[in-house]
Amino acid sequence: MRRVLFAVMAATVLTTFTGCFLPAYSGDPTRRANELLNTSDDLMQVADEWERIWFLDQPSHMSIYRMHGGVL
């Protein structure tokens with residue numbers, strides 16, 4: 001009987017938690033909004049850093065005008 005009771009209690013405890021046991025953000029809506037803005041800003045900076053590392057932020061040297069490349 002103890003095993004069944006322990007299994008039921010363990011299942012109840014495990015199913016009542018959703019997500020992480022410790023919350024990542026504050027419960028206060030104002031503070032949580034600031035934390036989420038900081039996190040999103042950090043993620044945007046990561047994308048800029050990725051482009052800089054792979055040289056994707058270099059200017060294009062291609063002309064906006066189409067040229068045939070031959071001698072006229």
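Mentor: Searching the whole structure, a predicted model, turns up one aromatic pair.

Trainee: Which rings are in that pair, and how are their planes set?

Mentor: The rings belong to Trp50 and Trp54; their centres are 5.8 Å apart and their planes sit at 50°, so the pair counts as tilted. That angle falls between the 30 degrees for stacked and the 60 for edge-to-face.

Trainee: Is Trp50 buried or exposed?

Mentor: Exposed, because Trp50 has 52% relative accessibility and the cut-off for exposed is over 50%. Trp54 counts as exposed too, at 54%.

Trainee: OK, what patch do Trp50 and Trp54 belong to?

Mentor: A nonpolar patch on the surface, formed by Trp50, Ile53, Trp54 and Leu56. Together they have about 510 Å² of accessible area.

Trainee: And Ile53, where is that found?

Mentor: In helix H2. Ile53 counts as partly exposed, because its relative accessibility is 46%.

Trainee: Switching to charges. How many salt bridges does a search of the whole structure find?

Mentor: One. The side chains of Arg52 and Glu49 meet in it, at 2.6 Å from N to O.

Trainee: Where do Arg52 and Glu49 lie?

Mentor: Both are in helix H2, three residues apart, which is about one turn of the helix. In general, an α-helix has 3.6 residues a turn, so residues three or four places apart point the same way.

Trainee: How accessible are Arg52 and Glu49?

Mentor: Arg52 counts as partly exposed, at 45% relative accessibility. Glu49 also counts as partly exposed, with 37%.

Trainee: Back to H2 itself. What should its 25 residues span, and what are the end C-alpha atoms doing?

Mentor: At 1.5 Å a residue, H2 should span 36 Å. Its end C-alpha atoms are 36 Å apart, so the two values agree.

Trainee: What about the loop between H1 and H2, which residue is found there?

Mentor: Ser26 is one of them; the loop runs between helix H1 (2-16) and helix H2 (29-53).

Trainee: Is Ser26 buried or exposed?

Mentor: Buried, because its relative accessibility is 18%, and buried means under 20%.

Trainee: Which residues is Ser26 in contact with, leaving aside its neighbours within four places in sequence?

Mentor: Arg31, Arg32 and Glu35.

Notes: Residues are numbered from 1 along each chain as its sequence is written. This is a predicted model: local features need pLDDT of at least 70, side-chain atom pairs count only at pLDDT 80 or more; totals for chains, interfaces and linings use all residues. Side-chain values use heavy atoms; hydrogens and water are left out. Helices (H or I, at least four residues) and strands (E, at least two) are DSSP runs, numbered from the N terminus. Buried means under 20% relative accessible area, exposed over 50%, partly exposed in between (1.4 Å probe, protein chains only). Contact means heavy atoms within 4.5 Å. The expected span of a helix is 1.5 Å times one less than its number of residues. Patches are made of residues with over 30% relative accessible area and no salt bridge: like charges are joined within 9 Å, nonpolar side chains (Val, Leu, Ile, Met, Phe, Trp, Tyr) within 5 Å. Accessible areas come from the Shrake-Rupley method with a 1.4 Å probe; for residues, only the protein chains shown count as cover. A salt bridge is a side-chain nitrogen of Lys or Arg within 4 Å of a carboxyl oxygen of Asp or Glu. Rings of Phe, Tyr and Trp (its six-membered ring) pair if their centres lie within 6.5 Å; planes under 30 degrees apart count as stacked, over 60 as edge-to-face and the rest as tilted.
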